Amino acid sequence: MTYTPITPFGRSLNAVVLKHQQNAIVEDAPQGANKWEVLRELATARQAFGLTDRDMTVLQTLVSFHQATILGGNDANLVVYPSNKAICERLNGMPCSTMRRHVGHLVTAGVILRRDSPNGKRYARTYGDEKVAYGFDLTPLAARFQEFCHAARAVRDAAERFKRLRETVSLMRRDLASLAAYGAEIRPERPEWDVFIELAAQVTRELRRKLSMDALDEMKVVLDRALNRGRDIFDLSVTENMSTSDLQNEHHIQNSNLDSYDLEPCLEKAKGRGGSSEETGEPVGTEETENANLPRIPLGLVLATCKEFKTYHQDPVRHWHHLVTAADTIRPMLGISPSAWEDARHAMGPEQAAVVLLAMLERFEDIRSPGGYLRTLTAKADQGAFSCGPMVMALTRSQAA
């Protein structure tokens, strides 16, 4: 038989069905395509073709009646002719009316075609060497395979962009919260910190919802503006300290062999390690000295900025003494001698020395002599001209750049 019917039995013909039927007639025989790959790509891009997951379930059942794995190619007959009962049985008892509705969706989307017999039944007959089948034609699945692939790729790319944007917003929110906490500690008079903390909390609540790409883009712009504002405040603080601290300028070391690093002056001059006060001659209390040696930076900001140490230290870090333990473990890997490490702990305090070591690990490739570099920082700490806070903030800025 040379004639291919296009009119569905007992149903009206519309423009959409007619378009798909005519395209199937004029197009050349499709290239072969693996039916399971076709289903996978179409399932990914189903919304672009107006299909639901239930529609895809019915389509998968219809495809299962085609014995060969490859659709098209040498096999020109892609018509399957199962009865409604057989289809519903493979659909685990789906009502026949529901099945027919989903088949209608597949026909409207142009992924299958109806080849109805004169009486509307589905069957196949053989006339000599020629086989004529009436039922559902799967030819569009093979003919439109590349179209399905392009649509699926676009869906996956959009999902990847959405995922990366959401991760970026989440990281920016975390950095803003840490920045605000640190800023409230060293510059409590600034009103921006409360605004930043509230913004970070609001973003946290929004991220629990299902957001659109536009909403995430807008959120990223707001967070970026807030982070830039926070960094500007810190840059202003550092500039003010540099202009008012003659001691720091006097102790600036000019040495061409010194390792290149983003060292900044301390935000507040550290107190000495014991001894007596120059004004009163009275000994400095041990408790006051210990508090002075504690890092003036939140532990959360340190962990968010210095992440490389987690490769060598698997235990969780929840308190400062955990960070000191991690630094003791990493110290031999950096080639720092026990004496240099002990001097740094004594001059800076164990917590600040641990932060310095983790910051050095982040920039390990830029430091030619970790031991000599640490001794230089120890000497500055002995003079009261060093704090680990600006080191961490410098790392934060370089990572955000």
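Strands β5 and β6 form a hairpin with two residues between them, and Gly128 in the turn has a positive phi of about 70°. Strands here are DSSP runs of E of at least two residues, and helices are runs of H or I of at least four residues, both numbered from the N terminus. The model is predicted, so that local features need pLDDT of at least 70 and side-chain atom pairs count only at pLDDT 80 or more, while totals for chains, interfaces and linings use all residues. Residues are numbered from 1 along each chain as its sequence is written, and side-chain values use heavy atoms, with hydrogens and water left out.

Strand β5 (residues 123-127) pairs with β6 in the antiparallel sense over five bridges, pairing being assigned if DSSP finds at least two bridges between two strands. In this pair, Tyr123 stands opposite Tyr134. Strand β4 (residues 113-115) is also antiparallel to β6, joined by three bridges, with Arg115 opposite Gly135. Two antiparallel bridges link strand β3 (residues 79-80) to β6, where Val80 faces Phe136. Six of the eight residues of β6 (residues 130-137) are buried, so the strand is largely enclosed by the rest of the structure; buried means under 20% relative accessible area, with a 1.4 Å probe and protein chains only.

The largest nonpolar core has 61 residues, and Leu323 and Val356 have the most contacts inside it. Such a core is a set of buried Ala, Val, Leu, Ile, Met, Phe, Trp, Tyr and Cys residues joined through side-chain atoms within 4.5 Å. Helix α15 (residues 350-362) gives the most to this core, with nine residues. Apart from this core lies another of 36 residues, among them Leu39, Leu91, Met94 and Phe148.

Note on methods
Buried means under 20% relative accessible area, exposed over 50%, partly exposed in between (1.4 Å probe, protein chains only).
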